[in-house]
Amino acid sequence: MHIPDGFLPLWESAIFWLISLVFVARSIKWASKELDEKSVPLFGVLGAGIFAIMSMNVPIPWGTSGHMVGGPLVSIIFDSPWAGVLLITLVLIVQGLFFADGGLVVMGANIFNMGIITSFVGYYVFKMLKNVSIPVAAFAAGWTGVFLAAIACAIELAIAGTFPLDKGLMYMGLYHAVIGIIEGVITAVVVSYLSSVRPDLIKGLNKVISNG
Amino acid sequence: MDKMDKIIYGGLIIAFLISILSPFLASTNPDGLESTAEKVINEKVLHQNLEEIGLKEEGSVIPAPMPDYGIEGMGKIGEIIALVVGTMIALGLTYGLSKVLVKNKSSQYNQ
């Protein structure tokens with residue numbers, strides 16, 4: 001879902017840079033307040049792991065492929081969407097600067113879709129459903145996050161005139177409804193695994209337990 | 001080695017294993033956005049946008065050292081190197097930045 005330079009006009013790219021910078025600044029503030037010394041290695045290993053797994057495109061039908069994004073997973077583990085925003089932004093910077101995956105002019109839009117939308121949507125979907133079942137909530141968080149990020153991406157490209165609105169929404173929605181399953185499954189597997197071996201690592205679960 | 005270490009080292013091993021295997025396992029099919037673009041893109045608008053930023057085709061305004069996760073002329077080995085280096089940079093950046101932010105906080109508390 002990395003938008004390359006050329007897909008959005010300059011004015012729209014600038015607007016998304018502005019919006020995303022506000023969120024990124026807020027996520028840095030979150031980290032400097034809420035992140036503790038003990039979580040630093042976990043934040044680092046998630047950065048490495050999510051960079052790596054984003055490179056592994058899985059085939060989906062119609063000759064298309066897709067990969068994980070990771071915003072919902074990071075937000076669930078750190079019990080804050082700001083964690084996802086910060087970590088995915090850093091990964092997108094590495095991908096854009098070193099590998100030309102996603103343009104630099106449109107990076108604000110990519111941060112908005114893959115960093116901000118997946119993290120916020122994923123976090124609140126998980127929060128809503130976690131009392132039903134942890135794996136179900138984690139799957140739904142991953143799927144919904146990616147699906148709505150793709151819908152946002154289609155709308156941005158329709159505003160630009162690059163894609164027609166109806167067909168852009170249809171194809172982006174269809175492909176990412178399937179790609180979202182990859183995100184959902186990996187999110188559910190990692191969250192379920194961590195919650196069984198180290199429930200204290202998943203900050204969002206601590207509150208459920210301690211609040212009774 | 002306590003359990004936290006196990007998860008950190010286990011995670012790192014998985015990350016680097018994926019970086020090494022990904023060039024062999026990853027699908028080369030276009031992703032969801034590229035597939036959509038192939039079907040519906042408005043070439044005229046694309047052309048206008050490209051002209052605006054001085055590009056010949058869509059991509060990135062600043063050339064990247066390892067475009068498309070590879071190194072020119074190095075084939076699969078180049079792809080493995082690119083991904084391993086990328087994973088190390090991502091690790092360094094996320095670990096480094098969070099370390100600096102946490103450190104600033106604790107130094108504020110100590111004052």
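Helix H1 of chain B is the element that contributes most to the lining of the second largest pocket, giving seven residues. Helices here are DSSP runs of H or I with at least four residues, numbered from the N terminus. The model is a predicted one, in which local features need pLDDT of at least 70 and side-chain atom pairs count only at pLDDT 80 or more, while totals for chains, interfaces and linings use all residues. Residues are numbered from 1 along each chain as its sequence is written, and chains are lettered from A in the order in which they are written.

The second largest pocket holds about 520 Å³ of space. A pocket is an open set of points on a 1 Å grid over the protein atoms alone, where a 1.4 Å probe fits, with protein on both sides within 12 Å along at least five of seven lines; lining residues have an atom within 4 Å of a point. A volume is the space filled by probe spheres set on the points, which are joined across faces, edges and corners. Of its 19 lining residues, Leu46(A), Leu73(A), Val190(A), Gly11(B) and Ile14(B) are the closest to the centre. Two or more residues each come from helix H2 (40-54) and helix H7 (165-197) of chain A and from H1 of chain B. The lining comprises 15 nonpolar residues, three polar and one charged.

For the largest pocket, the volume is about 1000 Å³. Among the 37 residues lining this pocket, Asp101(A), Asp31(B), Glu34(B), Asp68(B) and Tyr69(B) are the closest to its centre. H2(B) gives the most to this lining, with four residues.

Definitions and conventions. Side-chain values use heavy atoms; hydrogens and water are left out. Ala, Val, Leu, Ile, Met, Phe, Trp, Tyr, Cys and Pro count as nonpolar, Asp, Glu, Lys and Arg as charged, and the others, Gly among them, as polar.
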